[in-house]
Amino acid sequence: NVFSSFDYMSQEGVVIKSNYKRIGGRVNVNHEVNDKLKMSARVFGNYGIQNDLPLAPSSINGFLKQVLKANPASTFDSGVSARRDAQNPLHSLEAEDRENSAFRTQAYYSLQYEPIKNLVLKSDLGADLSRTEALFFSPSTAINSKDTKGQASVTNMDEHDLLFNPTANYSFSKSGNNVTMLLGYNAQKYTYKEVGTAAASFASDELGYNNLGVASQFGAYSGKTRIKRKSWFGRVDYDYKNKYIFTGTYRIDGSSVFGANSKLGYFPSAAVAWNFNEESFFKDLNFLEAGKLRLSYGVTGNDRIPTNISQAVFSSDNSTKYTLDGVTTVNGIAVNRIANADLKWEETNALDLGLDLGFFNNRVIIEADYYSKVTSDLLLDRTIASSNGFTTFFGNRGEGTNKGFELFLQTTNINKNRFR
């Protein structure tokens with residue numbers, strides 16, 4: 001089967017010239033080749049254009065601050081020049097050209113194959129691609145650009161997120177024993193690139209950001225961020241007649257954000273449960289509809305830190321300039337952050353003990369939990385003695401504990417004649 005949709009949106013915006021337009025489409029396809037092979041695909045894309053105004057209250061020369069300072073008796077179309085009527089923010093909105101365009105595509109493909117009964121092999125591929133272009137031009141007639149004789153910038157941002165996730169799942173049942181086993185691999189690659197060019201002192205305002213070559217002052221920058229993650233994982237689910245339940249998992253996760261010596265993390269977990277209301281000696285308790293005792297313990301990791309935080313960073317500023325012959329100045333570079341090859345995963349060990357009870361056809365439900373979470377090897381940027389040549393060092397340090405009790409009560413007081 002095939003499903004497709006199309007959407008279009010156009011917003012004028014509350015503030016003048018803050019309009020936004022977007023067009024998009026989606027296609028979903030599901031196909032069953034035979035009893036053993038199935039395929040599905042999802043593709044989504046949109047394109048949007050927005051006049052990106054400086055509406056942030058924190059902006060020094062932002063639109064909102066100019067509105068608060070503006071003379072309410074000022075008339076924009078009175079013929080008074082922008083330089084004489086500097087407090088009227090409409091002059092900047094009318095003169096400046098701000099356009100942000102963004103294109104985004106998301107695609108997902110899944111292939112499922114069952115070579116033998118109860119064994120399912122599945123592979124998922126995904127991609128999230130986006131590109132944004134930010135254009136800005138403020139002519140020499142605008143209030144903010146009269147001293148620079150116009151200013152402009154062109155910024156391009158590319159973002160790619162790729163995913164590959166193959167799994168193998170096998171399940172069987174025999175004499176009340178139900179077992180499900182899963183093995184899988186996950187690979188993710190995230191890339192972000194940004195390139196920007198700024199120009200000022202334009203010979204003419206006619207072409208704006210369409211021809212930065214008519215400017216006489218330039219600045220440029222570029223940057224790239226890449227994060228790679230890989231995981232190997234397995235899980236076993238077991239239950240006997242839904243009375244005794246066990247789940248065990250084990251993950252090995254790797255992340256490129258950590259030091260060269262400690263990129264891998266090892267995270268086991270296990271959970272057991274007992275549905276004691278299924279036992280024969282509880283069957284005579286008509287008021288007890290559900291009863292479960294559960295216990296779980298597991299380790300999870302955290303890698304949400306900047307991608308290059310484990311590496312040394314070099315910089316060049318006034319402190320790295322040298323005059324070797326007393327006349328000629330030479331620019332040098334220096335390390336301004338220490339590398340940490342042993343930077344590793346932050347780990348959280350979590351324990352949970354719970355009891356679930358349901359009475360009178362589950363009209364009264366009680367859930368009680370005791371939990372304890374201990375987070376170790378915290379990812380922190382801590383202060384160090386300046387005698388080391390640096391004032392901060394990012395590493396694993398410290399521990400935090402969170403524990404307590406939770407009690408949940410739900411009652412259905414009235415459940416009669418379609419009224420609950």
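Ring pairs tie Phe-164, Tyr-185 and Trp-232 together into a cluster; rings of Phe, Tyr and Trp (its six-membered ring) pair if their centres lie within 6.5 Å. Keep in mind that this is a predicted model, where local features need pLDDT of at least 70, side-chain atom pairs count only at pLDDT 80 or more, and totals for chains, interfaces and linings use all residues. Residues are numbered from 1 along each chain as its sequence is written, and side-chain values use heavy atoms, with hydrogens and water left out.

**Aromatic pairs**
- Searching the whole structure turns up 10 aromatic pairs.
- One of them is Tyr-170 with Phe-172, a tilted pair at 6.0 Å centre to centre and 40 degrees between the planes; planes under 30 degrees apart count as stacked, over 60 as edge-to-face and the rest as tilted.
- Tyr-170 is partly exposed at 31% relative accessible area, and Phe-172 is partly exposed at 35% (buried is under 20%, exposed over 50%, partly exposed in between, with a 1.4 Å probe and protein chains only).
- Phe-258 and Trp-345 make another tilted pair, 5.1 Å centre to centre with 40 degrees between the planes.
- That pair links distant parts of the chain, 87 residues apart: Phe-258 sits in the loop between β9 and β10, and Trp-345 in the loop between β15 (334–337) and β16 (346–359).
- Phe-258 and Trp-345 are both buried.

**Largest pocket**
- The largest pocket holds about 290 Å³ of space; a pocket is an open set of points on a 1 Å grid over the protein atoms alone, with protein on both sides within 12 Å along at least five of seven lines.
- Its lining has 19 residues, with Ser-231, Arg-251, Asp-253, Gly-301 and Trp-345 nearest the centre; a lining residue has an atom within 4 Å of a point.
- By class, that lining has three nonpolar, 11 polar and five charged residues (Asp, Glu, Lys and Arg are charged; Ala, Val, Leu, Ile, Met, Phe, Trp, Tyr, Cys and Pro are nonpolar; the others, Gly among them, are polar).
- Strands (DSSP runs of E, at least two residues) that each supply at least two lining residues include β9 (244–255), β10 (264–274) and β11 (288–302).

**Strand pairing**
- β9 and β10 pair antiparallel over 11 bridges; pairing takes at least two DSSP bridges between the strands.
- Tyr-244 stands opposite Trp-274 in β10.
- β10 and β11 also run antiparallel, joined by six bridges, and Val-272 has Leu-295 in β11 as its bridge partner.

Conventions
On a 1 Å grid over the protein atoms alone, a cavity is a set of points where a 1.4 Å probe fits but cannot get out, and a pocket is an open set with protein on both sides within 12 Å along at least five of seven lines; lining residues have an atom within 4 Å of a point. Grid points are joined across faces, edges and corners, and a volume is the space filled by probe spheres set on the points. Helices (H or I, at least four residues) and strands (E, at least two) are DSSP runs, numbered from the N terminus.
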